[in-house]
Amino acid sequence: MKITIKWITMAILLILALILPLFANEFIISVFVQAYFWAFLALSWDVIGGYGGQFSLGHAAFVGIGAYTSTILLESYGISPWMGMWAAGILAGIAGAFIGITSLRLRGPFFALATIAFAELVRLLLLYFKNVTRGPLGMLITQTGPQNMIFEQQSYYYYLMLASMITGVIFLKWFENSKFGIGLVALREDEEAAESVGINVYKTKIIGATISAFLTGIGGTIYAQWLHYVRPDVLVKLDYSTQIAAIDIVGGASSPYGGVIGSLILVPLSLYLNSIFGGMIAGLSLILYGVVLLLVVVLLPSGIYEFLRRRISDIMAKKMEKGGGKTA
Amino acid sequence: MVIHMLLELKDINAGYGDLHILWDVSLGIERGEIVSLLGSNGAGKTTTLRAISGLIRPFSGSIYFNREDITGYPIHRRVEMGLSLVPEGRQLFPEMNIVENLEMGAYTKRAEENFQDALEWVFNLFPKLKERKKQLAGTMSGGEQQMLAIARGLMNRPEILMMDEPSMGLAPKLVLEIFNTIMKLREEGVTIFLVEQNAKAALDISDRAYIIETGRITLHGPAKELLSMDEVRKAYLGI
């Protein structure tokens with residue numbers, strides 16, 4: 001019974017998501033485009049940050065690498081982002097493997113610091129190689145048309161982002177039950193215990209970081225196509241890196257739904273606060289946003305998804321008890 | 001040099017950074033034996049185990065397993081060959097339940113194929129674990145956790161099961177239960193290398209034993225002989 005209710009809820013949510021562009025205006029749709037985008041990034045981060053427990057604060061670097069790779073391929077070589085996104089993923093994945101190899105022997109805060117430094121390095125390199133990246137000016141995407149992943153209406157981006165996000169959810173569903181995913185969770189719980197059952201801890205972490213970066217890089221391509229331009233200080237900033245991690249943690253790390261829930265709550269909230277308070281006192285909207293983040297982390301430390309899941313299973317258990325009492 | 005034992009250490013020097021702990025440690029274990037390594041706190045027992053399992057790299061010396069020099073092998077490769085370690089303090093995966101912990105024990109390729117057989121085997125050895133398949137490891141008592149840790153090590157169908165202080169922190173009755181289990185394991189054909197502070201209990205069930213003091217093996221021989229030696233009785237048995 002519980003399973004059918006779950007599937008019906010999922011089906012209803014999916015249908016609502018699919019028909020939403022028919023009712024909503026361009027602005028509302030663009031809010032959802034961003035929410036789905038951040039959800040996809042949070043799900044990608046979850047692979048190494050949530051399941052693997054390796055706290056990365058440098059994922060904006062992979063967004064940047066992904067965005068720049070496909071944009072350079074498109075603008076300088078005329079290669080469509082539909083192809084370029086795979087190159088973007090692979091290049092971001094290589095960067096992820098690189099940071100994994102150099103930093104994943106570090107633990108806890110030291111790894112987080114190394115990822116911050118890495119993102120900073122990527123930003124500086126993007127600024128430095130002016131003849132390829134056009135430096136601080138950034139690159140404008142001038143090619144148009146669906147074959148170049150450029151659409152006239154927000155609703156196309158909406159479906160593209162929705163598809164990415166759902167792919168991310170399905171991937172994590174599969175991943176968390178795969179032998180590799182289980183190994184990653186095991187090393188998060190206890191590295192030495194994981195080693196003693198024969199898990200190659202170092203290699204597992206590196207592959208985890210590579211997968212996470214690969215997905216994030218693909219996200220970067222899609223985001224660049226939506227923005228129509230790329231610029232180092234717009235894409236590769238610490239704000240973005242922390243935002244990715246915050247969304248996943250608030251929603252519920254190491255679950256296929258946490259990133260989605262976190263993003264659907266936090267992204268509209270931050271846009272709303274920005275539009276209301278942004279013009280009044282500089283920084284007020286950020287303070288309010290920070291307060292909300294703090295409240296969630298203090299009140300629901302295991303994330304919103306885990307909280308909801310427990311409440312629902314409690315209610316279900318009570319109902320079952322009542323039902324059982326009646327029949328007896 | 002003739003290597004003929006299942007596991008053999010030759011002149012191992014090891015430690016951490018500048019700290020030299022093991023000095024020319026040599027020992028060997030035959031197939032089917034229970035061998036103990038006894039010593040007081042800080043004598044180098046755990047360091048010896050860490051060197052064998054690959055958690056640390058020795059400064060010099062060699063380790064042979066099945067006549068193969070494994071000194072430079074990474075940990076996971078040693079586990080794959082059938083060297084299982086039941087770590088000190090048990091080190092389970094607390095957020096996973098009993099079955100999931102056992103699944104982790106069968107992570108190696110060596111164990112994967114015979115997973116169902118191995119599961120049945122350890123459930124036969126530890127019926128308590130079968131009753132509570134879904135209990136989280138973190139919520140079990142100390143004795144049960146030790147049982148689970150041993151069971152997890154067995155899932156790999158090890159050639160040698162190495163145990164680091166399995167009796168640590170347990171009530172006398174549970175210690176007895178653990179040592180009975182170890183004897184049962186030997187009957188099942190598992191070779192056992194036991195590292196213990198509880199010298200009396202360990203010597204009672206062992207075939208042979210080594211005594212380590214400040215990083216050097218000072219005595220070794222059949223367990224019965226050691227039990228009757230005055231210096232051993234005074235230093236380790238408190239008699």
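1. Interface area. In this predicted model, the area buried between chain A and chain B is about 1700 Å². Carbon and sulfur atoms give 60% of that area. Buried area here is the accessible area (1.4 Å probe) that two parts lose on being put together, summed over both. On the side of chain A, Lys179(A), Glu189(A) and Val197(A) lose the most area to chain B. Together these residues make up 35% of what that side buries.

2. Ground rules. Residues are numbered from 1 along each chain as its sequence is written, and chains are lettered from A and ligands numbered from 1 in the order in which they are written. Because the model is predicted, local features need pLDDT of at least 70, side-chain atom pairs count only at pLDDT 80 or more, and totals for chains, interfaces and linings use all residues, while side-chain values use heavy atoms, with hydrogens and water left out.

3. Who touches whom. Chain A brings 17 residues into contact with 19 residues of chain B. Contact means heavy atoms within 4.5 Å. The rule also finds four residue pairs in polar contact across this interface, both residues being at pLDDT 80 or more. A polar contact is a pair of N or O atoms within 3.5 Å; within protein, one must be able to donate a hydrogen and the other to accept it, and residues adjacent in sequence count only if both atoms are side-chain atoms.

4. The side of chain A. Helix H8 (179–189) and helix H9 (191–196) of chain A each supply at least two residues of the side that touches chain B. H8(A) gives the most, with seven residues. Helices (H or I, at least four residues) and strands (E, at least two) are DSSP runs, numbered from the N terminus. By type, the residues of this side of chain A divide into eight nonpolar, four polar and five charged. Ala, Val, Leu, Ile, Met, Phe, Trp, Tyr, Cys and Pro count as nonpolar, Asp, Glu, Lys and Arg as charged, and the others, Gly among them, as polar.

5. Salt bridges across the interface. Two salt bridges are counted between chain A and chain B. A salt bridge is a side-chain nitrogen of Lys or Arg within 4 Å of a carboxyl oxygen of Asp or Glu. One such pair is Glu112(B) with Lys179(A), whose closest N and O atoms are 3.4 Å apart.

6. Salt bridges overall. The whole structure holds 14 salt bridges over all chains. Glu120(A) pairs with Arg123(A) in one of them, the closest N and O atoms being 2.6 Å apart. These two are three residues apart in helix H5 (residues 109–128) of chain A, so about one helical turn separates them. Glu120(A) is partly exposed, with a relative accessible area of 37%. The scale is this: buried means under 20% relative accessible area, exposed over 50%, partly exposed in between (1.4 Å probe, protein chains only).

7. Further salt bridges. Asp233(A) forms a salt bridge with Arg231(A), with closest N and O atoms 3.1 Å apart. Asp233(A) is partly exposed at 39%, and Arg231(A) is partly exposed at 31%. In chain B, Lys10(B) bridges to Glu8(B), the closest N and O atoms being 3.2 Å apart. Here Lys10(B) is partly exposed at 23%, whereas Glu8(B) is buried at 7%. Salt bridges that share partners also join Glu306(A), Arg309(A) and Arg310(A) into one network.

8. Leu43(A) lies in helix H2 (residues 26–51) of chain A and is buried, at 2% relative accessibility. Leaving aside neighbours within four places in sequence, its contacts include Met165(A), Leu172(A), Pro256(A) and Val260(A). Leu43(A) and Ser263(A) are 220 residues apart in sequence but 10.0 Å apart in space, C-alpha to C-alpha. Thr133(A), in helix H6 (residues 130–133) of chain A, is buried at 5%.

9. Backbone points to check. Arg157(B) is not a glycine, yet its phi is positive, near 50°. Arg157(B) sits in the loop between helix H7 (142–154) and strand E7 (160–164) of chain B. Thr214(B) also has a positive phi, about 35°, although it is not a glycine. Thr214(B) lies in the loop between strand E9 (208–213) and strand E10 (216–222) of chain B and is exposed, at 62%.

10. Confidence. Chain A has a mean pLDDT of 88, and 97% of its residues reach 70 or more. pLDDT is the predictor's confidence in each residue, from 0 to 100. Among the elements of chain A, helix H15 (residues 304–327) has the lowest mean pLDDT (75) and helix H10 (residues 201–227) the highest (95).
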